[in-house]
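Subject: Structure handover, cavities and pockets

Hello,

Here is the structure we talked about. Please open it before you read on; my notes on its cavities and pockets follow.

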Amino acid sequence: MEWDRLRRLATLAKDRRIANLFRDTERARKFSVRAGDLLLDFSKTSIDDTTFGVLVDMAAASGLEAQREAMFSGARINQTENRAVLHTALRNLNGGPVMLDGRDVMPGVRATLEHMRRFAGDVRAGRFTGQGGRITDVVNIGIGGSDLGPAMAVRALAPCHDGPRCHFVSNVDGADIHDTLSGLVPETTLIIVASKTFTTVETMTNAEAARAWMAAGVGEPGAQFAAISAAGERAAAFGIAPGRVFGFGDWVGGRYSVWGPVGLSLMIAVGAEDFGAFLGGAEAMDRHFRTAPLAENMPVVLALVGIWHNQGCGYATRAVLPYDQRLARLPAYLQQLEMESNGKGVAMDGGPLPVPSGPVVWGEPGTNGQHAFYQLIHQGTRIIPCEFLVAAEGHEAALDHHHRLLVANCLAQSEALMLGRDPSAGGMAGGEAAGRQARHRAFPGNRPSTTLVYPKLTPYALGQIIALYEHRVFVEGALLGINSFDQWGVELGKALARDMEPLVSADHPAGHKDGSTRLLLEFVQACRGR
């Protein structure tokens, strides 16, 4: 019933001009929300007072507030895997106990963080060395959350780097590990293998290749490896000493794990102080999410805008457009966060989802995107809600004119999406041909966007931003009635791949496979000379 009401409101809003809503001179103030020093403006959407009230009521009726407290308090809200969801405990720097099955997890969290600080400090200070001297390069080998989070954050915080260079390998394609290692020196390289079970096929295949590369250059290859894993025995069998194994509980999902040991490469790059600021920003967003009223709660509001656009208006994709080059990997990070979390078709009660699940999330940094896919966003036939992110100030003071131009482009794009351009403004005078060209130069406008503004991309601000999007995904999942914390859809293809590898090698017949798969295998084998 609530979904039907939302769709009816969307039908009524279909021909509503967003620009006309600004006849209310207070609209920008009413349809924006602050959290700390972040500002989220959602006034350039078709949401009006009535719609916003309905959305907030839906959030309240979903039991969101009770689910939120259940998550923070250690309840096993990941019901399909019978696990708690406590990534927030990893950044609970100033909070009290966090109980799981009657046990406070915070002493273990603090001990692990201190273990990370000591090791990262030793690497950065040269107390931990390679067999050829001081560590100059760190290679993080992981996949999914064990790669996307730290790879995104290391790039985002480049101005803070004063440690070894960091590199990331995730793809089982041999080109990834080959090209990464080819420019490095084994004797001064540290390899971090990030796999909770130490059995992830892609990660361990790359780890074996890295160990062979290391063994060709040093006498004790295992001495220059560290592990992010809960499987200490497997890490030891690989040759990694217990003091260089950093574990975490099953109550931290991979795509939510950058705050703990998975962030070790980030801590080595920027240092424990900036890593602490990163955690502090996330903790501040946690407090805001936990205490702010729903209508003034930034993660809730961002989620409600997403629900309005996707499940209400039927817009199937969402473009994330950071006007910040160092956030180039944020759209890919958010792809996993959103699409792995909310790409579900079954509700918690086991029934089919009555509305579309999460949207397709994609994007690239501005201004490059303006010369690529913005054409489709502005003049294409499908409406694509856009989420702009921009810092008020850049790090490069000597290039401040660049940043002013960057901010101007960001604000101009959201304005252009809303206003459009009438055919009569095409700049051509008279004549049938001129009229045709004017139509090509017209923009329909009335295309929705949100804009998130932050003072500068610091570790604290990055922590706030990532936690904002984490909680946004949680809120959307709560309204949809799904489990945002499992990922069964990842399993099938990986299981089939294990069975397929002997067929690629022609070690086993493929007669039981479908015709398409047999054709493809035969062609691959012919190309490989088998």
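The largest pocket holds about 1300 Å³ of space. This is a predicted model: local features need pLDDT of at least 70, side-chain atom pairs count only at pLDDT 80 or more, and totals for chains, interfaces and linings use all residues. Residues are numbered from 1 along each chain as its sequence is written, and side-chain values use heavy atoms, with hydrogens and water left out.

A few terms. The search runs on a 1 Å grid over the protein atoms alone. A cavity is a set of points where a 1.4 Å probe fits but cannot get out. A pocket is an open set with protein on both sides within 12 Å along at least five of seven lines. Lining residues have an atom within 4 Å of a point. Points are joined across faces, edges and corners, and a volume is the space filled by probe spheres set on them. Helices (H or I, at least four residues) and strands (E, at least two) are DSSP runs, numbered from the N terminus.

Pockets

The largest pocket is lined by 43 residues. Nearest its centre lie Ile143, Thr200, Val490, Glu491 and Lys494. Helix α18 (491-504) gives the largest share of this lining, five residues. By class, the lining has 17 nonpolar, 16 polar and 10 charged residues. Here Ala, Val, Leu, Ile, Met, Phe, Trp, Tyr, Cys and Pro count as nonpolar, Asp, Glu, Lys and Arg as charged, and the others, Gly among them, as polar.

The second largest pocket has a volume of about 430 Å³. It is lined by 18 residues, and Gln325, Glu396, His402, His403 and Leu406 are the closest to its centre. Helix α15 (residues 400-419) gives the largest share, five residues. This lining has five nonpolar, eight polar and five charged residues.

Cavities

How many cavities of 30 Å³ or more does the structure hold? Four. β12 (317-323), α13 (330-342) and α17 (459-480) each supply at least two residues of its lining. That lining has six nonpolar, no polar and four charged residues. Arg318, Glu387 and Arg472 are among them.

The second largest cavity holds about 40 Å³. Arg318, Glu387 and Arg472 are also among its lining residues. α12 (298-312) gives the largest share, three residues. The classes here are three nonpolar, three polar and three charged.

Best wishes
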